[in-house]
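Trainee: Before we start, I would like to go through this entry and ask what each label rests on.
Mentor: Fine. Here it is.

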Amino acid sequence: MDGMPFQAGLMQASPADAADQVTLANWRNAPFNRWSFSHVSEIVPSAIIAHDPASMVPLIAAPTDLSAVGYRTSDGQNGIVAGMLADTFTDGFLVLRQGRILTEHYAAALAANRPHIVFSVSKSITGALAGLLVESGQLDPDAPVTQYLPEAKNSAYGDATVRHVLDMTVAIDFTENYLDPEGDFMRYRKASGWNPVDNPETAGDLRSFLASIRRATGDHGHAFHYVSPNSDFLGWLLERASGRKLADILSEGIWQHIGAEMPAYVTVDRLGAARTAGGMSATLRDLARFGEMMRNHGTAGGKTVVPRAWVDDIVKNGDAGAWARGDMANFIPGGKYRSKWYVVDDAREAFCAVGIHGQWIYIDRKAEMVAVKVSSQPLPVDEAMDRHILAALRAIAAQIG
């Protein structure tokens, strides 16, 4: 795919002029995000998720031109992969088949050795990590969350189970509106350290915010309801169950065992709480290595990283009824959601992790394929772009598989 017409955008290097300066107030806005999304640790305090340089496994290239692969979206539009990548503000794109790189490309401020924020793909990485604590007996997915976090008893989570948190079926009174400058989500982002606060001396923190969220009417477990605080709450659960910091258990549990060539990062609030719902950054190749481990039932280099039973449970045991009753059923008709992963196609064992502004890890076991896309789309959610991306990834799987 060399020579593909990507939109390089602005800010190829660190902004020097005041008019171009990236700040905590504008880092998620276009055009600043074309630089900031691959420099997040310079903007938001971040913890290192260490890799093991001695265990790095090179990825072998098998160059294949996929730029002309055609597709048709669910609403009847036609496209080709090259056009989709250019039109969706792609910063990096990589496709593996059987662990070999078919195509790899970078644009804007991204390079092979630079981590890019993956937003809600962080949820799926955290969901995979949960499987290690379940396997070790530190975490019971069927236990009430108050067994681990009694301080949440008066919140929306007070009568929920860990499984409700994992599967986004908590009955919670929270509105996930990324563009509302005054509502729930803005208060959430300020508590996370992602937005400036009016008075730093009275600033909140992430976990106090989570413990204050109110319960909605209805039963937990009835319907899929996507809200990011659930995944930050999961990170809190993992820390409490293990007695260790999230960045450390993720490093020692997963990142040091997938052959990663670079450390990853996760943003933290003013008290050091990890933003596991959306704060992780990693290189394109290491995201591909993580996806390849998930494609291979939790193994990398012939060794188990995430328990096979946990990975297979993600692919096979989501609640189709809860998904159909949920607020994103039109996104993937007939889909499911399990432990922070979207299940796209049962027959192909296709599942994916998705983040706002165009972040994807897409796995198709029938095609033996992993695709990773990191982007800096101007809007957090753009359904038209999502339709093109999903259709293109499916077409690539069909073409190579």
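Mentor: Helices here are DSSP runs of H or I with at least four residues, and strands are runs of E with at least two. The model is predicted.

Trainee: What does the chain look like over residues 93-390?
Mentor: That stretch is 30% helix and 17% strand, and its end C-alpha atoms are 14 Å apart. UniProt, in an unreviewed entry, lists residues 93-390 as "domain: Beta-lactamase-related". The protein chain as a whole has 12 helices and 15 strands.

Trainee: Why is the radius of gyration said to agree with a compact globule?
Mentor: The rule gives near 21 Å for a compact globule of 401 residues, and the protein chain has 20 Å, so the two agree. The C-alpha trace spans about 55 × 50 × 50 Å along its principal axes.

Trainee: How many of the contacts in the protein chain come from residues 24 or more positions apart?
Mentor: They account for 69% of the contacts with a separation of 6 or more. As for cover, 59% of the 401 residues count as buried.

Trainee: Why is Ile 117 called buried?
Mentor: Its relative accessible area is 0%, and buried means under 20%, so Ile 117 qualifies. Ile 117 is found in strand β6, residues 116-117.

Trainee: Which residues does Ile 117 touch, leaving out those up to four places away in sequence?
Mentor: Trp 27, Phe 37, Val 40, Trp 194, Gly 278, Met 280, Ser 281 and Gln 359.

Trainee: What makes α5 mostly covered?
Mentor: For α5, residues 184-192, the count is 7 buried residues of 9. Among them are Phe 185, Met 186, Tyr 188 and Arg 189. What covers the buried residues of α5 includes α6 and α7. Just after α5, Gly 193 takes a positive phi of about 85°.

Trainee: Which residues other than glycine have a positive phi?
Mentor: Phe 89 is one, with phi of about 55°; it lies in the loop between α2 and β4. His 297 is another, with phi near 60°, and is found in the loop between α9 and β9.

Trainee: How do you know that the peptide bond from Ala 30 to Pro 31 is cis?
Mentor: Its omega is near 0°. Pro 31 is placed in the segment before α1.

Trainee: How many positive and negative side chains does the protein chain have?
Mentor: There are 36 positive and 45 negative side chains, and the centres of the two sets lie 3 Å apart. The protein chain exposes about 15400 Å², of which carbon and sulfur atoms supply 49%.

Technical notes
Residues numbered from 1 in each chain as written. Predicted model: local features only at pLDDT ≥ 70, side-chain atom pairs only at ≥ 80, totals over all residues. Heavy atoms only, no water. Rg over C-alpha atoms; globule rule 2.2 N^0.38 Å. Buried < 20%, exposed > 50% of the residue type's maximum accessible area, 1.4 Å probe, protein only. Contact = heavy atoms within 4.5 Å. Areas by Shrake-Rupley, 256 points an atom, 1.4 Å probe, with all protein chains shown as cover. Lys, Arg positive; Asp, Glu negative; His and termini not counted. Charge placed at Lys NZ, Arg CZ, Asp CG, Glu CD. UniProt positions renumbered as here; feature names shortened; annotations may be inferred.
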